[in-house]
Amino acid sequence: MPVRQVGEHQVWRLRTPRQALLTWLGWLLGLIVVAVCFRFVSGQTMWVFVWDAGAQAADLASRMVPPEWSYARRLWVPLWDTVNIATFGTLIALVVSVPVAFLAARNTTPHPVFRQAALVIIVFSRSVNSLIWALLLVSVLGPGLLAGIIAIALRSIGFVSKLLFEAIEEINPRPIEALAATGAQGGQVLGYGVVPQIMPAFAGISVYRWDINIRESTVLGLVGAGGIGLQLDASIGELQWARASVIFVMILVLVVFSEWVSARVRQSIK
Amino acid sequence: MALIGPSGAGKSTLIRCINRLIEPTSGSIIVDGEDITRLNGPALRRARRRIGMIFQEHALVDRLTVMENVLSGQLGYVGFWRSQLRRFPQPTIDRAFEILERVGIVDYVDKRADQLSGGQRQRVGIARALLQDPQLLLVDEPTASLDPKTSRQVMRLLLGLATEHQLTAVINIHDVPLAAMFVPRIVGLKQGEIVFDGDPKRLTPEVLTTVYGEENWEPERGGDDDEEDDGDAGSDEFGLPETAAVNGAADEAANEQETSR
Amino acid sequence: MTTGSRRWAPAPFIRNPFLRWGLILGAVGYLVLAGASIDVNWVRVYQGMDRARTLFAGFLQPDFTSRWSFIYTGILESLTMAVLATVLGILLSIPFCFGAARNIAPLPIYLFCRAFIAISRSFQEIVIAIFFVVMVGFGPLAGVLTLAFATIGFLGKLLAEDIEDIDERQLEAIRATGGSWLQSMGFGVLPQIMPRFIGLSVYRLDINFRESSVIGIVGAGGIGGALNTSISRYEYSTTAAIILVIVALVLVAEYFSGVIRARVQ
């Protein structure tokens, strides 16, 4: 905490003059960046529509309420599909993620080459949103649940593998050493020493990802990959906002349910 | 045999070289007529089966039960799938129970390892090593994290088992009086060289200085000595009893080890 | 005395046999039912293999040039959207995170803020984007508003939890000196949550950039629009180029985000 002598008094400031200047410059720079961004965005915006936003919102609200509850009858199967997309996608991802994670972890990888390859897989998987994967897959495989399941799986592999290999790298190495010292084979050392140590983490990560996948699955239908998103796309396309609001309510209920399940399971793991 | 010496003298390294948890940079290690340093993967595993190791920090798998930890001593003899399904041969299970009773921990058979106390965990580690039916026991600081009473119980147990099963035991230990009390042969290491090898009775202050460096080895008087001062079987200058506590020396002649640097 | 033969088997993971078998049967039942209900048009999949080959070929020879202007505009839109949305989101989330902290806020405000945050978090960004596109028209402004709204939910919840976890005594001490409400927040609460606040904000900037590449699919600006167009035209080389650019930018963003968070904490 800098203290300076000014005349007869000692003056305390939070920052040294240099720090203060740098901080001020930092904020100025930030402000400039934001202003530039705003100009750009503004340039792409049709402001006439924006001024209208209040009216549009009110109009939208009036069309959405009351919801067309009778539409709900047709939503149960799509909802079931959505849950299946998320569940099967997560399961496939789990099966693939385990070997990838073992290849990526420094302490279990057979060779640095494998580790790099695994890391590349993880990076690609994590950087591309499941909706983008779904777009590609629908284009290639055609619309339907399969595209959705694979899209979810592709995105989840990166997520699960990354967290899993971090968990593997953090295990206690002493039991591993001890197991090797008894003359156990590599596979047995993994099975008795590594797997029990990462089990809680694996279970937690899996359920966590399943919960996120439920959310993501609800919208995959917007690009044709099955689930309740298809109905959402149809209702919005036909401007049937009262039906859309029923869909939103069902999505909300589903998400609340999956979050509850996820929290309970992760609680019981501790 | 007990290995004593200051920190960094290489005691831990030496012990781990014997089963090649650490690779020696040069020289050879001969156990039961076989040069360990020359063995490849499967042969090394077979050799390790005959060498039981007991660790300072117990090195148990926390989330597995006592029985599973003990059975892992037999992993070298059981195939991968059978071991994963926990289908060990019945004689192995019988032996495991026997050993658990011998070390005094059979009541905890299905408890998870992380629910046990330090002394109990140490016993599980000992049981695991014994289930290997080893010829050689490597023990790395068995009493480092134990209280004085448990330490003596563990040392007594170790040396008793070594006698019963006629094992050679190499014990890395920092507590010299404890070692001298139980173990018939002491080897002192300093900076990687053997500076003493013989009977604990020959551990004079001069010898200890050679091993550890200059120090006043007289027992410090003035009030609270530690609880070791129970027997008065005639102690010499550092409170070591005149007679060695274990009769029937472990059979060193069958195993010879040389390291040359 | 010999102990004789004793059997041992590992204890099952779930002790209660009813629960165990119930779960196993339930799981198997679910998999069978769900598996049967998944309707895959294998003929279409088979026919799609050709296109898959074209897609892979596209990745081997990504085309950055033919649609460069679209890509360029799209990336700029995504970047600027992410920056603006994060700044706006941070500013707006501050009142919400205080409002959603049980130890700071009175009950009605607490309930309102928690409800708002819950709604923000329950819906995917793309759904929110649809709303904003309806309200303010196509273009990056809708994207900015979407991501800002999502940011409020994200930061609001995490920071509210942080605030609820603070060391109350520090806050009490400031209050005891006679500080106003605002001062006690500033000196008692803010310093405790600052490191995490900065860390989460930087993390959210990273996430917002990722999301901004997607919401363009429904017209909310960003590279998503160009991506969607290239796919619908089967211009897979362009698609590959766009995806590679997205991956590269995400990596850069993640790197910087990691560096900043390490320095702050």
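Start by selecting B:Gly188: its bridge partner in strand 8 of chain B is B:Phe196. One thing before you click on: this is a predicted model, where local features need pLDDT of at least 70 and side-chain atom pairs count only at pLDDT 80 or more, while totals for chains, interfaces and linings use all residues. Residues count from 1 along each chain as its sequence is written, and chains are lettered from A and ligands numbered from 1 in the order in which they are written.

Next, pick B:Val187, whose bridge partner in strand 8 of chain B is B:Asp197.

Now show the whole sheet in chain B. It is open, with six strands in the order 4-5-6-1-7-8 and mixed pairing. Strand 4 (51–54) and strand 8 sit at the edges with a single partner strand each, so one side of each has no neighbour in the sheet. From one strand to the next, the twist averages 20 degrees.

(Axes are lines fitted to C-alpha atoms, for helices over the stretch in contact; angles run from 0 to 180 degrees between N-to-C directions.)

Over to chains A and C. Their contact takes 44 residues from chain A and 46 residues from chain C (contact means C-beta atoms, placed from the backbone, within 7 Å). On the chain A side, helix 6 (residues 130–141) gives the most, with seven residues.

Which way does helix 5 of chain A run relative to helix 10 of chain C? Select residues 112–127 of chain A and 236–264 of chain C: these helices pack at about 100 degrees, axes 9 Å apart. That makes them roughly perpendicular (the label covers 65 to 115 degrees; under 35 is roughly parallel, over 145 roughly antiparallel, the rest oblique). Zoom in on the contact residues, among them A:Phe124 and C:Val250.

Last stop: chains B and A, where the contact takes 22 residues from chain B and 19 residues from chain A. Helix 2 of chain B gives the most to the chain B side, with four residues.

Methods: Two residues are in contact if their C-beta atoms, placed from the backbone, lie within 7 Å. Helices (H or I, at least four residues) and strands (E, at least two) are DSSP runs, numbered from the N terminus. Two strands pair if DSSP finds at least two bridges between them.
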